[in-house]
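I opened my notebook to record what I looked up in this structure. The entries follow the order in which I checked things.

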Amino acid sequence: MTGYPDRALELANEAISIATRLHHPQSLAYAHFHSGLILAWLREPEHAAEHAVAVIALGEEHDLQVWAAVGRCLHGVALAATGTVDEGIAIFEAAMERYQELQSPPVFWPSLLHFRAMMLGLLGQ
């Protein structure tokens, strides 16, 4: 966001390595999500999707429902950006509903609204 996306991605990937070594699923989900988020901003949706799938898997395996929901949001964006717009938006909207149902602070809300704007842009709206 400050003009150094390559450095941000490098640090996010370093966080993945650290969280993996520590066997800490919450931190690993956090790091994968943010790596995917940066890759979405860099318009590398295929790589963003890989991180989204990792976030979803961690969320489901460790009952981290917020991470599963935001991982699905990221996955929907990545699909939409690769050209599978209708499916991506459907996945994203279902995940947004799930996220809103959860008992958690809306910390991801700005990023999720940014994602929604990206997808609407893909539709020309």
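Predicted model: local features only at pLDDT ≥ 70, side-chain atom pairs only at ≥ 80, totals over all residues.

**Entry 1: a buried tryptophan**

Is Trp-67 buried or exposed? Its relative accessible area is 6%. Buried means under 20%, so I wrote down Trp-67 as buried. Next I looked up Phe-108. This residue has a relative accessible area of 9%, so Phe-108 is buried too.

**Entry 2: aromatic rings**

How many aromatic pairs does the structure hold? I found five. I took the pair of Trp-67 and Phe-108 to begin with. The ring centres of Trp-67 and Phe-108 are 5.1 Å apart, and the planes stand at 70°. Planes over 60 degrees apart count as edge-to-face, so that is the label for Trp-67 and Phe-108.

Then I checked where these two residues sit. Trp-67 belongs to helix H4, residues 65-81. Phe-108 lies in the loop between H5 and H6.

I moved on to Tyr-99 and Phe-108. Their ring centres are 6.2 Å apart and their planes are at 75°, so I noted this pair as edge-to-face as well. Both Tyr-99 and Phe-108 are buried.

Which residues do the ring pairs link into a cluster? I listed Tyr-30, Phe-33, Trp-67, Tyr-99 and Phe-108.

**Entry 3: H2 against H4**

The axes of H2 and H4 are 11 Å apart, at an angle of about 20°. Angles under 35 degrees count as roughly parallel, so H2 and H4 are roughly parallel to each other. Their crossing is left-handed.

I wrote out the contact. By class, I noted eight nonpolar residues, two polar and no charged.

**Entry 4: H4 against H6**

I stayed with H4 and turned to H6. The axes of H4 and H6 come within 10 Å and cross at roughly 20°. That makes H4 roughly parallel to H6. H4 passes H6 in a left-handed crossing.

Which residues of H4 meet H6? I found Val-70, Cys-73, Leu-74, Gly-76, Val-77, Ala-80 and Ala-81. On the H6 side I listed Leu-112, Phe-115, Met-118, Met-119 and Leu-122. The classes are eleven nonpolar, one polar and no charged residues.

**Entry 5: H5 against H6**

Next came helix H5, residues 85-101, and helix H6, residues 109-122. They pack at an angle of about 160°, with axes 11 Å apart. Angles over 145 degrees count as roughly antiparallel, so H5 is roughly antiparallel to H6. I noted the crossing of H5 and H6 as left-handed.

From H5 I listed Gly-88, Ile-89, Phe-92, Glu-93, Met-96, Tyr-99 and Gln-100. They meet Trp-109, Leu-112, Phe-115, Arg-116 and Met-119 in H6. This contact has eight nonpolar, two polar and two charged residues.

**Entry 6: Ala-68**

I went back to helix H4 for Ala-68. Its relative accessible area is 8%, so Ala-68 is buried. What does Ala-68 contact, leaving aside neighbours within four places in sequence? I found Ile-56, Gly-59 and Glu-60. I also looked up Ala-68 and Tyr-4, which are 64 residues apart along the chain. Their C-alpha atoms are separated by 28 Å.

**Entry 7: two positive phi values**

I finished with backbone angles. His-23 has a phi near 55°, a positive value in a residue other than glycine. I located His-23 in the loop between helix H1 (5-22) and helix H2 (25-41). Is His-23 buried or exposed? Its relative accessibility is 70%, so His-23 counts as exposed.

Asp-63 also has a phi near 55°, and this residue too is other than glycine. I found Asp-63 in the loop between helix H3 (45-61) and H4. At 57% relative accessibility, Asp-63 counts as exposed.

Notes: Residues numbered from 1 in each chain as written. Heavy atoms only, no water. Axes fitted to C-alpha atoms, helices over the stretch in contact; angles between N-to-C directions. Helix = DSSP H or I, 4+ residues; strand = E, 2+ residues; numbered from the N terminus. Parallel < 35°, antiparallel > 145°, perpendicular 65-115°, else oblique. Left-handed = near helix turned anticlockwise from the far one by under 90°. Contact = heavy atoms within 4.5 Å. Nonpolar A, V, L, I, M, F, W, Y, C, P; charged D, E, K, R; others polar. Phe/Tyr/Trp six-rings, centres within 6.5 Å; stacked < 30°, edge-to-face > 60°. Buried < 20%, exposed > 50% of the residue type's maximum accessible area, 1.4 Å probe, protein only.
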